[in-house]
Amino acid sequence: MENRDRTTVKARLREAAALDPGMERFGADTHRYQLRPPPAEREIRAFESAHGIELPRQYRSFVAEVGDGPAGPGHGLLPLTTPRPEAGGDWAVDDEWARDRLPGRLASPFPLTEPAPGRLGAAAEALTPGTLTLADLGCGTYVRLVLNGPRAGEIWLLDPEWGGFTAYERDFHRWYTTWLSALPQLAQE
């Protein structure tokens with residue numbers, strides 16, 4: 001991520017916040033079009049070392065140079081190393097965040113090579129090792145980043161009740177910038 005990207009992201013977020021002062025767009029009341037400061041490089045390296053992984057380059061660069069959530073799709077990006085300030089309430093995403101950080105889970109092989117469409121129910125949990133929850137889209141639907149294997153760096157959508165676990169976007173940058181590009185248009189509707 002380059003400085004111009006960081007500047008563009010922050011400008012788009014300010015514009016969207018100005019066009020949605022009541023925070024009426026879906027998720028805006030959660031992420032408030034704000035970014036937390038990036039964690040220190042040593043903190044990111046410690047996270048990678050503790051979990052035996054290397055974060056995909058685009059996501060790592062975003063967290064290190066732009067911000068550590070929350071402004072993002074759905075209810076916003078989850079922070080990398082520390083729980084959401086609101087954690088501890090009734091949000092299932094906080095359980096997802098904590099489960100991702102169990103020893104060995106992120107370094108485990110991603111079990112899918114092809115999408116798993118359709119209702120998964122409780123079987124969905126067995127399909128998420130090797131992925132990191134990025135965002136909560138509501139109603140038990142999560143956006144996850146594949147961390148290893150042939151699908152590493154891809155964004156997958158987990159909707160265990162209806163849609164299954166399917167490829168959503170080819171990389172973090174494309175996923176995030178698609179959302180960011182749509183903000184001014186959405187805010188003006």
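**View A. The crossing of helices α3 and α4 is right-handed.** In this predicted model, local features need pLDDT of at least 70 and side-chain atom pairs count only at pLDDT 80 or more, while totals for chains, interfaces and linings use all residues. Residues are numbered from 1 along each chain as its sequence is written, and side-chain values use heavy atoms, with hydrogens and water left out. Right-handed here says that the near helix is turned clockwise from the far one by less than a right angle. Helices (H or I, at least four residues) and strands (E, at least two) are DSSP runs, numbered from the N terminus. α3 (residues 41-51) packs on α4 (residues 57-65) at an angle of about 145°, and the two axes lie 10 Å apart. Axes are lines fitted to C-alpha atoms over the stretch in contact, and angles run from 0 to 180 degrees between N-to-C directions. From α3, look for Glu41, Ile44, Arg45 and Glu48, which meet Arg60, Val63 and Ala64 of α4 (contact: heavy atoms within 4.5 Å). This contact is made by 3 nonpolar, no polar and 4 charged residues, where Asp, Glu, Lys and Arg count as charged and Ala, Val, Leu, Ile, Met, Phe, Trp, Tyr, Cys and Pro as nonpolar, with the others, Gly among them, as polar.

**View B. The largest nonpolar core has 33 residues.** Such a core is a set of buried Ala, Val, Leu, Ile, Met, Phe, Trp, Tyr and Cys residues joined through side-chain atoms within 4.5 Å; buried means under 20% relative accessible area with a 1.4 Å probe, protein chains only. Leu13, Leu55, Tyr59, Leu134, Phe172, Trp175 and Tyr176 have the most contacts inside this core. α6 (172-188) gives the most to the core, with 6 residues. Phe172 touches Gln58, Tyr59, Phe62, Leu77, Leu134, Gly153 and Ile155, leaving aside residues up to four places away in sequence. A second, separate core of 10 residues includes Phe110, Leu127, Trp156 and Phe165.

View D. Leu120 counts as buried because its relative accessibility is 18%. Beyond residues up to four places away in sequence, Leu120 touches Leu127, Leu158, Pro160, Gly164 and Phe165.

Terms used
Buried means under 20% relative accessible area, exposed over 50%, partly exposed in between (1.4 Å probe, protein chains only).
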